[in-house]
Amino acid sequence: MSTPQRNPQPLSQPHAGDVQRPAGGTVTDRLVEANERYASDFTDPGMDARPVLNVAVVSCMDARIDLHKALGLELGDCHTIRNAGGVVTDDIIRSLTISQRALGTRSVVLIHHTGCGMLNITENFRHELELEVGQRPSWAVEAFPDLDQDVRQSMERVRTSPFLLHTDDVRGFVFDVKTGLLREIDPEITPDP
């Protein structure tokens with residue numbers, strides 16, 4: 001799969017007191033420079049940390065997914081929580097608990113996607129890391145062979161968490177990276193006739 005190439009902006013001239021950047025710069029240098037351009041026109045929107053729509057969206061970190069555009073969201077509308085696979089882990093529960101209890105969210109939207117890298121690795125990844133670095137990771141890979149079933153598992157983890165106040169509006173979806181459409185996943189497995 002080819003990725004469209006963008007021409008990075010040239011690095012600006014350093015100001016007095018700036019940290020000297022290596023010639024050619026790094027990706028991080030370009031990000032910092034982009035931030036400087038952004039900040040030059042930035043005005044405080046005067047928003048609270050509480051999302052306007054009282055929703056938290058959990059999704060995969062995949063760079064092909066622009067959640068705000070895909071869901072028609074604006075700055076301040078939601079909490080966005082992302083990880084590899086968009087799976088509900090202890091850390092996702094931690095973030096959702098803070099989102100609900102301290103910042104007022106009531107709804108949870110879970111989004112996995114087609115072509116996810118988590119479909120192509122296994123829990124053996126941890127063993128391979130242990131052999132390479134001499135230490136077994138304390139975290140689970142949370143790889144999965146079935147998108148729909150993992151969305152169901154993630155919904156169940158949210159719905160059964162004792163730490164979350166609001167578990168009645170939890171919905172799960174698969175985002176199609178080719179069409180941009182969401183497909184809702186029924187939380188119950190329906191047996192074939």
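Accessible areas come from the Shrake-Rupley method with a 1.4 Å probe. On this basis, the accessible surface of the predicted model comes to about 12,900 Å². Carbon and sulfur atoms account for 53% of that surface. Of the 193 residues, 31% count as buried.

The protein has five helices and five strands. From the N terminus on, these elements follow the order α-β-α-β-α-β-α-α-β-β. Contacts between residues at least 6 apart in sequence were also examined. Of these, 60% join residues at least 24 apart.

Strand S4 (170–175) pairs with two strands, S3 and S5. The pairing of S4 with S3 (residues 107–113) is parallel and runs over six bridges. Within it, Ile 111 has Phe 173 of S4 as its bridge partner. The pairing of S4 with S5 (residues 182–185) is antiparallel, over four bridges. Here Val 174 stands opposite Arg 183 in S5. S4 and S5 form a hairpin, with six residues between them. In the turn, Gly 180 has a positive phi of about 80 degrees. S4 is mostly covered, with five of its six residues buried.

A polar atom of the Ser 161 side chain lies 3.2 Å from the backbone nitrogen of Phe 163.

Conventions
Residues numbered from 1 in each chain as written. Predicted model: local features only at pLDDT ≥ 70, side-chain atom pairs only at ≥ 80, totals over all residues. Heavy atoms only, no water. Polar contact = N/O pair within 3.5 Å; in protein donor to acceptor, adjacent residues only side chain to side chain. Buried < 20%, exposed > 50% of the residue type's maximum accessible area, 1.4 Å probe, protein only. Contact = heavy atoms within 4.5 Å. Pairing = 2+ DSSP bridges.
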